[in-house]
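Q: Please take a close look at the salt bridges of this model and at the parts of the chain that they join. A connected account would be welcome.

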Amino acid sequence: MNTTRPEAAPFDRTPRVRPAASGGPADPVAATTRSAGGVVRTRFLQQAGFSRHRIEQSLAAGRLIRVRKGWVAVPSADGYLIGAARDGVVVSCITQAERLGLWVLSGDRPHVAAPVHSGVSLRRVTVHWAKPLVPRHPDALVDPIENVLAIVAACQPYESALAVWESALRKGLVD
């Protein structure tokens with residue numbers, strides 16, 4: 001797989017990876033990253049007890065990829081999470097609703113949320129700058145369900161939003 005792709009769209013879901021080293025002992029840094037969702041801040045790994053040197057070793061071995069400064073991922077991580085970390089946004093609206101298994105009528109392109117004054121500008125992505133109902137954790141890459149539903153209500157036509165909300169109720173994600 002190509003490791004440099006300057007022509008790629010800013011929120012391209014294809015991870016920029018090099019093949020992981022095969023064989024050898026399991027990498028505890030990669031295992032910790034995988035168990036935490038596949039994409040984490042390096043600060044998280046340091047708080048888990050791994051030194052910067054140990055993290056760099058995992059990167060050099062291809063067991064982790066650098067998403068951007070301060071963020072790493074396992075090569076098999078979810079492309080949406082890699083894109084969110086790389087672009088400083090959270091997956092939200094109908095994109096996150098669909099990822100949660102909710103019924104979505106249309107999903108023409110990824111929908112993400114960004115802080116109100118972030119200045120994030122992405123091509124081929126719908127960016128929502130609304131203030132979240134539930135505060136987002138600084139390390140979060142996906143919006144909580146309350147924020148997802150609020151953004152869906154503002155973004156989608158009535159019938160589409162209603163379908164997503166009813167689906168969330170039926171799945172027990174909200175009451």
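**Salt bridges and their setting**

A: Among contacts in the chain (heavy atoms within 4.5 Å) between residues at least 6 apart in sequence, 52% join residues at least 24 apart. The model is predicted, so local features need pLDDT of at least 70 and side-chain atom pairs count only at pLDDT 80 or more, while totals for chains, interfaces and linings use all residues. Residues are numbered from 1 along each chain as its sequence is written, and side-chain values use heavy atoms, with hydrogens and water left out.

The chain has seven helices and six strands; these are DSSP runs numbered from the N terminus, helices being H or I of at least four residues and strands E of at least two. Of its 175 residues, 42% count as buried. Buried means under 20% relative accessible area, exposed over 50%, and partly exposed in between, with a 1.4 Å probe and protein chains only.

Side chains of opposite charge can pair when their charged atoms come close. The structure holds eight salt bridges, each defined as a side-chain nitrogen of Lys or Arg within 4 Å of a carboxyl oxygen of Asp or Glu. One of them links D78 and R99, whose closest N and O atoms are 3.0 Å apart. D78 lies in the loop between β3 (71-73) and α4 (79-87), and R99 in helix α5, so this pair ties together parts 21 residues apart in sequence. D78 is partly exposed, at 30% relative accessible area, and R99 is also partly exposed, at 32%.

Helix α5 spans residues 93-99 and also contains C93. Most residues other than glycine have a negative phi. C93, however, has a positive phi of about 50° although it is not a glycine, and C93 is buried, with a relative accessible area of 0%.

A second salt bridge is formed by the side chains of D87 and R86, at 3.7 Å from N to O. Both D87 and R86 are buried.

Another salt bridge joins E166 to R170, with the closest N and O atoms 2.8 Å apart. Both residues belong to helix α7 (residues 158-170), where being four residues apart separates them by about one helical turn. E166 is partly exposed, at 36% relative accessibility, whereas R170 is exposed, at 69%. Elsewhere, salt bridges that share partners join R41, R43 and D139 into one network.
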